Amino acid sequence: MPDKVCDACGGTSFSLVHDEWMKRTFRFVENGQLTMCAGCGAKYLVCKQCQGLYTRVHPGLESWEVNLQCPSCGHKDPDVDFFISTS
């Protein structure tokens, strides 16, 4: 499992979370998993391939803020691609 480091606070402790609002708002969250930093509460999409931090997710998310691929393994999620291309 890759090292997970929060880009907001540098924290390394994460837990899986269920956020119904984000699932309804972002298709890639509906079909994926979210993890939350214990230090600051920042939420991230979990990579389906390596379980690393794919991209940070927040209520005001815009397409330019989303990683095109997982920074840990390079996996491209089709639901993330769809979000970027339609935003």
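Me: Before looking at the strands of this predicted model, what does it take for two strands to pair?

Reply: Two strands pair if DSSP finds at least two bridges between them. In this structure, β1 and strand β2 (residues 34-37) run antiparallel and are joined by four bridges.

Me: Which residue of β2 does L16 stand opposite, and which residue of β3 does T35 stand opposite?

Reply: L16 stands opposite T35 in β2, and T35 in turn stands opposite Y44 in β3. The pairing of β2 with β3 is again in the antiparallel sense, over three bridges.

Me: What do β2 and β3 form, and how many residues lie between them?

Reply: β2 and β3 form a hairpin, with five residues between them, and in the turn G41 has a positive phi of about 90°.

Me: How is a pair of aromatic rings described?

Reply: In general, one gives the distance of the centres and the angle of the planes for the two rings. This structure holds five aromatic pairs. One of them is formed by F14 and Y44, whose rings are 6.0 Å apart centre to centre with 80° between the planes; because planes over 60 degrees apart count as edge-to-face, that is how this pair is classed.

Me: Which parts does the pair of F14 and Y44 tie together, and are F14 and Y44 buried or exposed?

Reply: F14 lies in strand β1 (residues 14-17) and Y44 in strand β3 (residues 43-46), so their pair ties together parts that are 30 residues apart in sequence. Both F14 and Y44 are buried.

Me: Which residues do ring pairs link into a cluster, and where does R27 lie?

Reply: The cluster linked by ring pairs consists of W21, F26, F28 and F83. As for R27, this residue lies over the face of F82, at 4.8 Å from the ring centre.

Me: Are C37 and C50 buried or exposed?

Reply: Buried means under 20% relative accessible area, so C37, at 1% relative accessibility, counts as buried, and C50, at 17% relative accessibility, counts as buried too.

Terms used. Residues are numbered from 1 along each chain as its sequence is written. This is a predicted model: local features need pLDDT of at least 70, side-chain atom pairs count only at pLDDT 80 or more; totals for chains, interfaces and linings use all residues. Side-chain values use heavy atoms; hydrogens and water are left out. Rings of Phe, Tyr and Trp (its six-membered ring) pair if their centres lie within 6.5 Å; planes under 30 degrees apart count as stacked, over 60 as edge-to-face and the rest as tilted. Helices (H or I, at least four residues) and strands (E, at least two) are DSSP runs, numbered from the N terminus. Buried means under 20% relative accessible area, exposed over 50%, partly exposed in between (1.4 Å probe, protein chains only). A charge sits over a ring if NZ of Lys or CZ of Arg is within 6 Å of the ring centre and within 35 degrees of the ring normal.
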